[in-house]
Amino acid sequence: MREKLMLLRNIRVLRHALVWGMATLITVILGILARRDGPRIGEVPLLSPYGRLYWLVALVSLVLVGGVAQWQQRQRDEHELGEEPVAWIAPVLTILAATLVLAAYAESIRALVVVVLGVVFLLIWHTLTHLLLAVENLQQRLLGQLGHTLFVHLLALILLAMIYVQKLRSLYSAVAIVVVTSMLSFLAMQGVSHPRERRLLYAILTGLILGETTWALNYWRATGWLGGAVLFVCFYFITGLILAHLERALQVRDVVEYGGVALLAFGILTWAILR
């Protein structure tokens, strides 16, 4: 029995390694295309002729990686946390983050190296936390939950900042924020024992709130990273309250904790934008 479990674990690692390898290769290809095809800040992806090949390859890559990750989930024989078809979300969002970073910093070889290493690191991190969430040991599950939360929030910061860096009209940027933050919020709720429809509703509401925030933020003189940080603070506050509500009855100390941190961070960022 023990040998069978070891074999299954090795097969799982090999399947995850396939996604890691694909993601690394895709990131390198995108980095080369970004330097040659030259996507430009402020140009709408695919609609603008600048960098169209880059964005097409990125779109195909997202579909390919997501499809392979979801196929792997269907092939698993052992019981794992969350049998819902959500295995594609983390690798797709990771590749999307790499795509946006490379589009913004296409001319730097150093950026390409950092992005490639970052993609590998994030995917391995997500795999390890996912494995910890599936074990029976309570302490290991709590460690996995902490790692999963940190993974989602780090990915959220990068994605929100890189979308805002593009400085697109609210019609495009707000819609992108709605889609991405809905996926991030739903990913953050992975492992929470509540009906999927309820979690999906909360995720969509989070996305809509962040979309409205983006529309208002576009009128500010915020740089890309500062604007992304403001959106991240909103995401942290809303997602934190939702998770606290789903995991236990929402208490006053939860509102004070998340609200206090968010208010302090928002005040600092507002001062940095308006000064």
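This is a predicted model: local features need pLDDT of at least 70, side-chain atom pairs count only at pLDDT 80 or more; totals for chains, interfaces and linings use all residues.
Biologist: Tyr 54 touches Leu 30, Leu 33, Ala 34, Asp 37, Pro 39, Ala 98, Thr 99, Leu 102 and Ala 103, leaving out residues up to four places away in sequence. What makes each of these a contact?

Modeller: A contact means heavy atoms within 4.5 Å. Tyr 54 meets that with each residue you named. Residues are numbered from 1 along each chain as its sequence is written, and side-chain values use heavy atoms, with hydrogens and water left out.

Biologist: How far apart are Tyr 54 and Leu 33, in sequence and in space?

Modeller: They are 21 residues apart in sequence, yet their C-alpha atoms are 5.8 Å apart. Tyr 54 sits in helix 2; helices here are DSSP runs of H or I with at least four residues, strands are runs of E with at least two, and both are numbered from the N terminus. The chain has 9 helices and 0 strands.

Biologist: Is Tyr 54 buried or exposed, and why?

Modeller: Buried is under 20% relative accessible area, exposed is over 50%, and partly exposed is in between, using a 1.4 Å probe and protein chains only. Tyr 54 has 0% relative accessibility, so it counts as buried.

Biologist: Why is Leu 46 put in its class?

Modeller: Leu 46 comes out at 33%, so it is called partly exposed. This residue is in the loop between helix 1 (2-37) and helix 2 (52-75), and its phi is positive, near 75 degrees, although it isn't a glycine. Lys 167, in the loop between helix 5 (138-165) and helix 6, also gets a positive phi, of about 55 degrees. With a relative accessible area of 43%, Lys 167 is partly exposed too.

Biologist: What makes something a nonpolar core?

Modeller: It's a set of buried Ala, Val, Leu, Ile, Met, Phe, Trp, Tyr and Cys residues joined through side-chain atoms within 4.5 Å. The largest one here has 73 residues, and those with the most contacts inside it include Tyr 54, Leu 184 and Met 189. Helix 3 (residues 89-104) gives the most to this core, with 12 residues.

Biologist: How do you know that the length of helix 8 agrees with what it should span?

Modeller: The expected span is 1.5 Å times one less than the number of residues. For the 24 residues of helix 8 that gives 34 Å, and the end C-alpha atoms are 34 Å apart, so the two agree. Also, 19 of those 24 residues are buried, so helix 8 is largely enclosed by the rest of the structure.

Biologist: At what angle do helix 6 and helix 8 pack?

Modeller: Helix 6 (residues 170-188) and helix 8 (residues 224-247) pack at about 40 degrees, with axes 11 Å apart. Axes are lines fitted to C-alpha atoms, for helices over the stretch in contact, and angles run from 0 to 180 degrees between N-to-C directions.

Biologist: Which residues make that contact?

Modeller: Ile 177, Thr 181, Leu 184, Ser 185 and Ala 188 of helix 6 meet Leu 231, Phe 235, Thr 239 and Leu 243 of helix 8.
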